[in-house]
Amino acid sequence: MNEPASHDLIVIGAGPAGMAAAVAAARHDLDVVLLDDQPAPGGQVFRNVEAVVAKSPSRAALLGRDYGYGALFVDAMRQSTVDYRPETDVWQIGEDGTVGTLSPAGTALISGRRIIIAAGAMERPVPVPGWTLPGVMTAGAAQTLLKTSNLVPDGRVAMVGSGPLFFLVARQLLAAEADVVAVLDTTSDENYQAAQKVILGALKFWRDLLKGRRWMREITKSGVPFHHEVQDVRIFGQDRADGVSFEAKGIEHQIEADIVLLHEGVIPNQHLARSLDCAVRWDEEQLCWHVDCDTWGATSLERIAVAGDSGSIGGAAAATHRGRLAGLDAARRLGTIDEATRDRLGKRDLQADQRLASLRLFLDRLYRPRREVLVPPEDGVVVCRCEEVTAGDIRQAAALGVTGPNQAKAFTRAGMGPCQGRNCGLTVSAILADAGGMAAADVGQFRVRPPIKPITIDELADLAVDDPLE
Amino acid sequence: MFRPYRDTDDATVRIHFEGQALDVPAGETVAAALLANGVSVFRTTPVSGAERGPYCMIGVCFECLVEIDALANRQACQIQVRDGMQIRRQAGAVAAVP
Amino acid sequence: MSGFDVTVVGGGLVGAAIAYGLAGKGLKTAILDEGDIAHRASRGNFGLVWVQGKGHGRPEYATWTLTSAELWHDFAQQLQDETGIDVEHSNQGGVFLNLSAEEEVGHRAVLEDIKRSLGNRPYSFEFMDRAALLDWLPGLGPDVVSGCYSPHDGHANPLKLLRALHQAFQARGGQYRPHHPVTAMTAINGGVRLTTPDGDIESAKVVIAAGLGTQRLAAMAGLYAPVGPNQGQLLITERVDAQLKLPTNLVRQTGEGGLMLGFSNEEAGYDTMTRPVLLKNIAWRCRQAFPFIGGLKVVRSWAALRIMTPDGFPIYDRAPEMPGVHVATCHSGVTLAAVHAQRLPDWIAGAALPDDMTCFETGRFNVQAVS
């Protein structure tokens with residue numbers, strides 16, 4: 001299947017940012033294609049929202065109004081002229097606007113005059129001893145199973161971590177009557193001081209702050225063991241997770257569990273943008289890389305923009321605003337509105353996005369992961385899950401003079417597995433920075449190349465192109 | 001490992017895991033269907049043979065790889081069940097058939 | 001005064017092999033290397049230890065290559081003894097696959113030319129039809145007209161080789177200095193001063209083995225050493241249980257089990273992006289050779305910038321205007337690693353370049369430089 005020439009705009013990712021971008025651009029007469037790998041729109045935060053709201057009242061109640069609002073976004077997208085294509089993986093993008101897709105009909109190359117990458121976020125890896133055992137998942141995975149598949153954990157659940165999503169999932173599982181045997185809050189007490197310094201800016205979001213506090217109280221009131229300042233986490237078990245040991249406020253504990261859910265915040269799902277070698281910037285507050293872009297999401301590459309969490313973490317509300325801004329800017333760049341109109345229409349989103357930044361900064365400080373999450377102290381901890389490369393292996397490479405992740409990859413195979421470094425990249429770079437006494441910004445990250453999602457030799461060989469070389 | 005919450009739909013399809021028949025909700029992901037039927041080990045790694053199960057459920061960890069209808073290393077969390085589907089654990093490297 | 005006997009500028013396969021050999025001769029040796037994202041051809045290497053087809057029109061290159069292939073096994077064994085790292089050298093031979101009658105005719109003519117030019121030196125090859133190759137290359141496709149088997153060929157793991165060389169070099173007392181790009185070279189009493197952002201290095205001798213950086217560095221010593229990038233795109237599949245017993249020019253199976261596919265040659269400047277159309281062509285052609293790979297997933301692709309001199313042959317030379325400075329660069333860093341470690345160090349230590357190596361000096365480019 002081959003798409004001859006171009007579309008105006010290709011948006012990758014049908015979460016809040018992608019939907020907002022697509023709708024805004026379509027409203028201003030752009031021909032927009034919206035690609036998403038799932039069968040239904042919503043991204044992660046609004047996963048399966050249409051079906052849940054329409055057919056599953058108990059789940060809708062459990063997941064809450066913030067989730068339910070997603071149905072309105074999806075509705076707006078469906079009502080628009082956007083050409084929405086579900087079940088479509090993107091395995092390659094080019095600076096020139098080409099996009100390699102894989103759908104049930106096969107591979108194809110399409111092209112746009114502009115691309116907006118709205119691939120969202122993923123959870124930060126939590127490399128603790130035992131994290132690769134069956135039965136260990138992310139807190140987000142449990143929420144995804146609830147949203148998409150109407151499932152709750154069966155068996156004793158221990159939750160370990162920190163951050164807004166962590167406490168949200170804890171309370172959702174408690175409300176769903178899952179057998180939560182412990183909630184282990186790894187928030188470092190050092191964070192409170194740093195967060196206090198920026199709380200003033202966050203106070204205008206008192207509703208969100210109170211909501212967070214309410215979640216914490218619900219967890220406390222449930223009677224489930226709720227430990228704070230948790231560190232030195234180890235998941236034990238022979239062939240599968242049997243529980244977790246940890247230290248909290250100077251006391252050692254051990255808790256048996258069948259399922260262990262980990263969470264230490266989210267990071268951008270950035271492989272698509274990085275495969276283009278666009279300009280990126282290390283952010284010391286979020287401890288991850290940001291795509292370098294202007295307030296409209298335009299990157300260092302002419303035809304490429306980012307919106308939402310895959311550029312830098314802002315959350316769902318910010319993603320919606322940033323998506324709209326990117327969509328408006330696409331309309332301006334492609335000539336259907338002028339700059340003054342773009343600025344006028346985008347003014348409220350710009351202001352809202354800027355306002356939200358102060359809440360974001362407060363949360364980033366409050367839930368900053370502990371050093372041991374970023375740089376696992378024990379050599380035996382698996383860092384690259386795919387290739388089973390340990391922290392010690394990376395440190396050995398550093399001792400040989402390896403100063404960057406790409407050399408480390410060549411010497412240890414870390415990052416060479418199917419996940420292409422998504423779950424080990426930050427850790428490998430952090431270990432090298434630590435070992436070499438360098439700043440994270442100077443160490444860099446894995447170079448990313450297609451295929452961004454796996455495709456078979458057949459799918460690649462049978463790619464329809466206009467001008468095959470021989 | 002996981003159980004249904006509420007408001008369950010009755011429509012099911014029949015899949016097979018390691019030869020055993022399972023009736024699972026239509027439209028379910030393979031990963032969810034297996035987890036709901038007590039399966040926690042989805043594969044053994046090609047590096048060391050270690051047992052692994054799903055981790056992220058959003059397609060970025062590549063731990064939930066299983067063999068589906070004789071095709072190796074499919075991400076179970078990204079594929080929906082279909083009537084008659086044959087699923088096996090991914091045992092190490094792909095067994096190619098030249 | 002840091003006072004090295006030899007400083008090798010460039011820590012890739014060529015520089016590391018030479019430095020390892022020099023350190024083994026008891027010389028106080030340093031490697032100066034760039035950072036993580038440098039051009040790094042070594043990381044893009046296909047891994048062949050390849051003889052057949054090389055040196056057409058230049059028998060000295062065929063000889064040099066043959067010598068290296070013969071030394072490779074012991075070279076690999078020694079590295080394993082010193083580091084514990086198995087670089088997965090296999091020297092059971094290799095096969096050049098011909099997917100058309102024209103290819104076969106052309107390839108046969110080249111090999112017979114080379115054999116003639118080598119006189120008495122043993123040089124074997126045998127064209128075999130598909131059926132005869134199936135034991136070694138199960139699944140070889142019906143579109144394969146023939147394969148040319150050469151017992152001189154083999155393959156190794158280029159990344160493990162690089163790591164083993166670095167590890168052995170340091171174990172032999174060599175000093176590795178990353179993030180030390182050389183910005184200037186000056187003649188001093190008794191040697192050369194190399195200027196880097198992190199301070200000056202003084203060395204009695206220098207070997208410029210800097211891949212794509214060689215030309216710029218050689219010019220500092222008054223040598224014209226033209227090298228340019230030649231882009232090759234490569235694919236690697238997920239791990240497969242062991243199938244292919246021999247490497248071929250299109251596909252080889254790595255020690256971990258993945259199938260490495262590639263052959264493209266692009267004049268693409270310094271572009272390290274992979275292009276879907278080129279990847280499609282690699283997939284298509286390699287699938288022609290081995291149809292069973294169709295269902296395998298591609299896990300990674302990369303575009304490697306390989307080193308190409310105008311005639312494709314290595315450059316080995318000394319700089320007359322800056323005594324002590326040598327240049328060593330080539331395309332086949334894996335194949336020549338053995339001679340780089342075991343033969344070149346003698347030349348750098350002061351011996352004359354053997355008669356049959358003078359054709360690799362930079363004088364051969366002067367005609368082009370002038371015109």
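## Exercises on a predicted model

Buried residues account for 56% of the 371 residues in chain C. Keep in mind that this is a predicted model. Let's work through a few exercises together.

**Exercise 1.** Work out whether the radius of gyration of chain C agrees with that of a compact globule.

*Solution.* Start with the chain length, 371 residues. The globule rule is 2.2 Å times the number of residues to the power 0.38. For chain C this gives a value near 21 Å, and the chain has 21 Å, so the two agree. For the extents, look at the C-alpha trace of chain C, which spans about 65 × 40 × 40 Å along its principal axes.

**Exercise 2.** Describe the make-up of chain C through its helices, strands and contacts.

*Solution.* First, the secondary structure: chain C holds 10 helices and 17 strands. Next, take contacts in chain C between residues at least 6 apart in sequence; 74% of these join residues at least 24 apart.

**Exercise 3.** Check the span of helix α7 of chain A, then say how far it is covered.

*Solution.* α7(A) covers residues 164–175, which is 12 residues. The expected span is 1.5 Å times one less than the number of residues. As for cover, 10 of the 12 residues of α7(A) are buried, including F166(A), R171(A) and Q172(A). After the helix comes E177(A), with a positive phi near 65°.

Conventions. Residues numbered from 1 in each chain as written. Chains lettered and ligands numbered in written order. Predicted model: local features only at pLDDT ≥ 70, side-chain atom pairs only at ≥ 80, totals over all residues. Helix = DSSP H or I, 4+ residues; strand = E, 2+ residues; numbered from the N terminus. Buried ≥ 20, exposed ≤ 12 C-beta atoms within 10 Å, placed from the backbone. Contact = placed C-beta atoms within 7 Å.
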